[in-house]
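Open the model in your viewer and keep the selection tool ready.

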Amino acid sequence: MSKFFKRLLNDSSSSDEEERNMWFAAAIEFERQNSQGSGSGDRSSRQYRYRDRVSGHSRLLNDYFVENPVYDETLFRRRFRLSRPLFLRILHTLQQHNDYFVQRRNAANTVGLSGEQKMTAALRMLAYGMSADSLDEYVRIGETTTIECVKRFCQGVVEIFGPEYLRSPNAADISRLLQKANQRGFPGMLGSLDCMHWAWKNCPAAYHGMYTGHVHRPTIVLEAVASYDLWIWHAFFGMPGSNNDINVLDASNLFANLQEGCGPSVNYTIMGNHYNMGYYLADGIYPKWATIVQSISHPQELAHEFFAKKHESYRKDVERAFGVLQARFAIVRGPARFWHHEDLTLIMKACIILHNMIIEDERVDDNGLVAMASGNDDYDSLGTDDPVEVSRAPISFDHFMATNRAIRDSDTHYALRRDIIAHLWTLHGQGVIE
């Protein structure tokens, strides 16, 4: 309150009670008007904007979701990164899981945002990496509401679809992966392994030293395993960027099921030698383990040169998966603008789940038709007569340690690589692999 009004109210000459109340009301109104626009956070200083959400919902439906929309399926796929049926499937599942995505009326009997508007805002932020307030003009949704939509959407996707689309390969999956690997000349291969860094723009200053690594800015590491069709089977996210691939591998759960004896067994034979653990293709920084096969940096023989060529070609599966993931969802390509590590974890997992759902939705066979449940690439088929069995029996500590030593055995690593080199060179001599 200004000094003038304080002096006036304290003046003994203003003895009339009614006059004093009048001046007191005028002082309050004067102070309220001066405080508007000061950015103090008081609700009385906030401006209400009538966004006409109903017209925004109608425009969105006419553009994409009616029987004859303005924009066809091709443009829908380009702008939302997924097909219209997949969009509606995710939306209906989210509405059953969380009523936040159901259109309701507030206490003032005003119609709120629809599920299509909220999910569109979330997908546009994930797909384009744009700012939250850039969707206000078209979707008619505010900045804070858009951020809340992104968080709730990612959380719902992870909770609902995570157990199905972010799981380890089951028995049927491993049988299919082994069949494809055998055709490539790498029997026993389950995919390729590598890490990706996601820059964290709004990393707290106290964490800069921990999250800054070789890229000289704060980053968070994603460890992933991808197969030939770019499906991401393993995703371990959250390690600070100061860690290298070896540290991330030691902290991840990539070989947890194998160590605990509860994962599908992998049995194959190369050049007359039997192996019971699958392996991943990786680059030279990874350790010489029995479950990791690396290339030869300076091959001196023709067989070694041919092996290095094929190895580096197939190891690019995970690099291609990273590239497609970042192309589809630009939010994981640019610097992360969220403040909390938990939000970034949800966003990354949700993008990977959506990436796998898109791969399943757009999977085609040799004739250009969408593969049905009877196809060889059915990710959801568990089967009753699968050739690969899964052991769920409890194991002893001695068995756990023996399995751990077998995974880290360097002698098996070199023996396996020699057998793969000889196997590839034999197939090349027979004209099976060029």
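**Stop 1: H5 and H8**

Select helix H5 (residues 84–97) and H8: their axes come within 10 Å and cross at roughly 105°. That makes H5 roughly perpendicular to H8 (angles of 65 to 115 degrees count as roughly perpendicular, under 35 as roughly parallel, over 145 as roughly antiparallel and the rest as oblique). Axes here are lines fitted to C-alpha atoms, for helices over the stretch in contact, and angles run from 0 to 180 degrees between N-to-C directions. Helices are DSSP runs (H or I, at least four residues), numbered from the N terminus.

This is a predicted model, in which local features need pLDDT of at least 70 and side-chain atom pairs count only at pLDDT 80 or more, while totals for chains, interfaces and linings use all residues. Residues are numbered from 1 along each chain as its sequence is written, and side-chain values use heavy atoms, with hydrogens and water left out.

Now show the side chains. On H5, pick Arg89, Ile90, Thr93, Leu94 and His97; on H8, pick Phe153, Gly156, Val157, Glu159, Ile160, Phe161 and Tyr165. These make the contact (heavy atoms within 4.5 Å). By class, the contact of H5 with H8 has 7 nonpolar, 3 polar and 2 charged residues. Ala, Val, Leu, Ile, Met, Phe, Trp, Tyr, Cys and Pro count as nonpolar, Asp, Glu, Lys and Arg as charged, and the others, Gly among them, as polar.

**Stop 2: H8 and H14**

By class, the contact of H8 with H14 has 12 nonpolar, 3 polar and 4 charged residues.

**Stop 3**

Move to helix H13 (residues 302–328). Where is its kink centred? Select Asp317: the kink there is about 30° (the bend at a residue is the angle between axes fitted to the seven residues ending there and the seven starting there).

Leu302, Ala303, His304, Phe306, Phe307 and Lys310 in H13 meet residues of H16, among them Ile420, Leu424 and Trp425.

Methods
Helix = DSSP H or I, 4+ residues; strand = E, 2+ residues; numbered from the N terminus. Expected span 1.5 Å × (residues − 1).
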